[in-house]
Amino acid sequence: MQYISQILFTFILIAGIGYFASNVKKLFRNISLGKDLDVSDNKPQRWKNMAKIALGQSKMVVRPIAGFLHIIVYVGFIIINIEVLEIVIDGVFGTHRIGLQVLNASVYGFLIGSFEVLAVLVLVAVIAFWIRRNVIKIKRFLSAEMTGWPKSDGNIILYFEVVLMCLFLVMNATDTTFQNLGSGNVISQFIAPLFDGMSEGSLHMIERTAWWIHIIGILVFLNYLYFSKHLHILLAFPNTYYGKLRPKGQFLNNEAVTKEVKLMMDPSADPFAAPAEDAPVPEKFGASDVTDLSWVQLLNAYTCTECGRCTSECPANITGKKLSPRKIMMDTRDRLVEVGKNIDANKGTFVPDGKQLLGDYISNEELWACTSCNACVEACPVSIDPLSIIMDMRQYLVMEQSAAPSDLNNMMGNIENNGAPWPFNQQDRLNWANES
């Protein structure tokens, strides 16, 4: 019977990890659909950013309440799951609490006791998060893009954590071997009396049931990440490493346009000369679909936590405009997932589906509402840059479709004809000085 349990456990473990690995492969494939971008510069600063922002949670605590609760859940959940190593060893080799055989009883008790305290803290923090979402109903969780699946997703993960923490405590409370140890049961000793009067066999059955559901729940949670916004648990680290290092107000110039401008300003250049045969010609100016974006921008989309800090800081959104930086990232991810499913359905080849990110997901109105103030970039706790996607799509509208707003077209016409944004001839610029 023991061997059957070990075989079943090993099968479930391999299946869970295997399915997760296959989804990670799809994830990398989808991100790789983006255009190449060299982000190999300034590695010391990148490592520093990752340690400070992703590991140190420095931007989370800008909002103290949410930041403190998030740190509890983040640290507690990660540390508690160290115990998964013991569960895996016990499951594969048929042992029971292998940690007691390897570590000193007092050391083992200290570790498990720490886990139990953290489990209670995680439960308190998760309940607080649930209340903020569903009772207090904080405004940034009530936006139009947060209905349906995004709202359910936010709650599902909270339920997951509550169940896993409760199972961990019940597993310890009904383990007579652990309770008789008298060390490490700092919380479970108060739960154990709930099972008084039960036979040894019944306690063992409850402990084994909690043990099995706990490990299966962790594997289900692991595979749920791919379909959830909580993928940021894994992607926050690479995303902060590859985050933008240049000043936030600095925009990148289009290389092809820059060359044309330099050629125009070169007095020695022949304006009638034919372009060199090997001169690169841009396939497209700007971006209209996810494959026009860089792989870092696609990584940004998958890393989005949907916390809404970007949108709550956006002046366009605050003043009632249609723009929501969070929706920009969610739409980009949704379209990328759709493209990935298209590729899977067609055996590795994308078959045009008549849709694109611009128009089918993100409207022109949203893009032109942006003031390019970088508030969204500054607010993001994991270094996501919604503005770069907005600017790339604007560039496509202007340079590929000539679809800029009339005011902007007038300004660009004035710059072309008058050398300034205003509709006055250069010779008339100083006329104001003669006015009384």
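Predicted model: local features only at pLDDT ≥ 70, side-chain atom pairs only at ≥ 80, totals over all residues.

Me: How do I read a pair of helices? At what angle do H7 and H10 pack?

Reply: Two packed helices are described by the angle between their axes and the distance between the axes. Here helix H7 (residues 149-173) packs with helix H10 (residues 200-224) at about 150 degrees, and their axes are 9 Å apart. Helices (H or I, at least four residues) are DSSP runs, numbered from the N terminus. Axes are lines fitted to C-alpha atoms, for helices over the stretch in contact, and angles run from 0 to 180 degrees between N-to-C directions.

Me: Which word describes how H7 and H10 run to each other?

Reply: H7 and H10 are therefore roughly antiparallel. Angles under 35 degrees count as roughly parallel, over 145 as roughly antiparallel, 65 to 115 as roughly perpendicular and the rest as oblique.

Me: Which residues make the contact between H7 and H10?

Reply: Contact means heavy atoms within 4.5 Å. On H7, the residues include Trp 149, Ile 156, Phe 160 and Leu 164. On H10, they include Ala 210, Trp 211, Gly 217 and Phe 221. By class, this contact has 17 nonpolar, 2 polar and 2 charged residues. Ala, Val, Leu, Ile, Met, Phe, Trp, Tyr, Cys and Pro count as nonpolar, Asp, Glu, Lys and Arg as charged, and the others, Gly among them, as polar.

Me: Now H16 and H20. At what angle do their axes cross?

Reply: The axes of H16 and helix H20 (residues 386-399) cross at roughly 75 degrees and come within 9 Å. That makes H16 roughly perpendicular to H20. Pro 325, Ile 328, Met 329 and Thr 332 of H16 meet Pro 386, Ile 389 and Ile 390 of H20. The classes are 6 nonpolar, 1 polar and no charged residues.

Me: How do I find empty space? How many cavities of 30 Å³ or more are there?

Reply: Rolling a probe the size of a water molecule over the atoms shows where empty space is left. On a 1 Å grid over the protein atoms alone, a cavity is a set of points where a 1.4 Å probe fits but cannot get out; a pocket is an open set with protein on both sides within 12 Å along at least five of seven lines; lining residues have an atom within 4 Å of a point. Grid points are joined across faces, edges and corners, and a volume is the space filled by probe spheres set on the points. The count here is 5 cavities of 30 Å³ or more.

Me: What lines the largest cavity?

Reply: The largest cavity holds about 670 Å³. Its lining has 31 residues, and Met 60, His 70, Phe 129, His 230 and His 232 lie nearest its centre. H3 gives the most, with 6 residues. The lining divides into 18 nonpolar, 6 polar and 7 charged residues.

Me: And which residues are closest to the centre of the second largest pocket?

Reply: That pocket has about 370 Å³ of space. Tyr 226, Phe 227, Ser 228, Val 337 and Lys 341 are the closest of its 21 lining residues. H16 gives the most to this lining, with 7 residues. By class, the lining has 8 nonpolar, 4 polar and 9 charged residues.

How values were computed
Residues numbered from 1 in each chain as written. Heavy atoms only, no water. Helix = DSSP H or I, 4+ residues; strand = E, 2+ residues; numbered from the N terminus.
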